[in-house]
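Biologist: I would like to go through this model feature by feature. Please give the general idea each time, and then the case at hand.

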Amino acid sequence: MRSHFLTRSAAFMAIAAMAACGGGGGGSSEGAADDAGEAAPAGAAVDPSTVGTITGMANFAGMVPAMEAIDMSAEEDCAAGYGADGPMNQMVMVSAGGGLANVFVYLSEGVSGAPAASGPAMLDQSNCRYSPHVLGVQSGQDIEITNSDNLLHNINATPTENRGFNISQPRAGITSTQRFQMAEVMVPVRCDVHGWMQAYIGVVDHPYFGVSGSDGGYTISNVPAGDYTLTAWHEEFGTMTASVTVTAGGMSEVSFDYNSDMMGANVPMGETLVIGHGTNRIRVERTQ
């Protein structure tokens, strides 16, 4: 199984800087927005009488790959939050009914204009994990990143199209606000202090997206009537597309069927790195 720590080749320099000084630049903490630019301007309001809903499932068939346990023994307070079974890797999460979680589903073609985001998106760090594991945002939308653990985390985002950031949050209660100005699917996010912490942020130019829940279901609401291309992204199984027609007041159902043969798909997000931890140091090893 390939590593789930995906980043760009420039990550080594960012990690080296983190090890040297305990944090990176590109953003500020305590709720202040970064200097990447102003939020995207508001688009035209959508007439509620002209919209419909897209709903469906991300299904999984075949043998579910076994996810590795995460060793949080170095952070006892975090480990205690997972009970006797302990925390598991979140790369592939399949429900008892065969639903695949953490699939980012969005309109990739056909959108013409869009309303502005209605509020900030939230990314939390709790029990030494990012929550949610996959987050969707609109370009220019504020992302409020919070540390709920009373220990040091850093948030290292390594986009390709947008400006990245690497910020430190040394204690519980700190919130930092960031944003991405350009559409990009996906932006990897990691914590260099805790190598197992990984999240993905999907950035699109409109609010027509969703993420499949623990049962595999997703919903995209308030979509203007029209014909679209719908794309689904998963960190291990890559992307799938489907055509969908939305009617005013209607419900359009589109499901995506993944299977075990798709494991290890070439998800285009830069080189694969393995982040390991030794005593008082962080090292980076390239995979073969």
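Modeller: We can start with one residue. Asn-127 is partly exposed, with a relative accessible area of 26%. Bear in mind that the model is predicted.

Biologist: Why is Asn-127 called partly exposed?

Modeller: Buried means under 20% relative accessible area and exposed means over 50%, with partly exposed in between. Asn-127 has 26%, so it falls in the middle class. The residue sits in the loop between β3 and β4.

Biologist: Where is a peptide bond cis?

Modeller: Most peptide bonds are trans. The bond from Ser-131 to Pro-132 is cis, with omega near 5 degrees. Pro-132 lies in the loop between β4 and β5 (134-138). The bond from Val-185 to Met-186 is cis too, again with omega near 5 degrees. Met-186 is part of strand β10, residues 184-190.

Biologist: Now the sheets. What is the strand order of the open sheet that contains β4?

Modeller: Strands of a sheet pair through backbone hydrogen bonds, either parallel or antiparallel. In this sheet of 4 strands the order is β4-β3-β6-β9, and the pairing is mixed. β4 (129-131) and β9 (175-178) are the edge strands; each has a single partner, so one side of each has no neighbour in the sheet. On average, neighbouring strands here are turned by 20 degrees against each other, direction ignored.

Biologist: How many bridges join β3 and β4?

Modeller: Strand β3 (residues 121-126) pairs with β4 over 3 bridges, in the antiparallel sense. Asp-124 has Ser-131 in β4 as its bridge partner.

Biologist: Is Tyr-258 buried or exposed?

Modeller: Its relative accessible area is 1%, so Tyr-258 is buried. Tyr-258 is in strand β17, residues 256-259. Leaving aside residues up to four places away in sequence, its contacts include Phe-60, Leu-100, Trp-233, His-234 and Met-240. Tyr-258 and Gly-62 are 196 residues apart in sequence, and their C-alpha atoms are 8.8 Å apart in space.

Biologist: How many cavities of 30 Å³ or more are found?

Modeller: Rolling a probe the size of a water molecule over the atoms shows where empty space is left. A search of the whole structure finds 1 cavity of 30 Å³ or more. The largest cavity has a volume of about 70 Å³.

Biologist: Which residues lie nearest the centre of the largest cavity?

Modeller: Ile-70, Gln-90, His-133, Trp-196 and Gln-198 do, out of 11 lining residues. The lining divides into 5 nonpolar, 5 polar and 1 charged.

Note on methods: Residues are numbered from 1 along each chain as its sequence is written. This is a predicted model: local features need pLDDT of at least 70, side-chain atom pairs count only at pLDDT 80 or more; totals for chains, interfaces and linings use all residues. Side-chain values use heavy atoms; hydrogens and water are left out. Helices (H or I, at least four residues) and strands (E, at least two) are DSSP runs, numbered from the N terminus. Buried means under 20% relative accessible area, exposed over 50%, partly exposed in between (1.4 Å probe, protein chains only). Contact means heavy atoms within 4.5 Å. On a 1 Å grid over the protein atoms alone, a cavity is a set of points where a 1.4 Å probe fits but cannot get out, and a pocket is an open set with protein on both sides within 12 Å along at least five of seven lines; lining residues have an atom within 4 Å of a point. Grid points are joined across faces, edges and corners, and a volume is the space filled by probe spheres set on the points. Ala, Val, Leu, Ile, Met, Phe, Trp, Tyr, Cys and Pro count as nonpolar, Asp, Glu, Lys and Arg as charged, and the others, Gly among them, as polar. Two strands pair if DSSP finds at least two bridges between them. Axes are lines fitted to C-alpha atoms, for helices over the stretch in contact, and angles run from 0 to 180 degrees between N-to-C directions.
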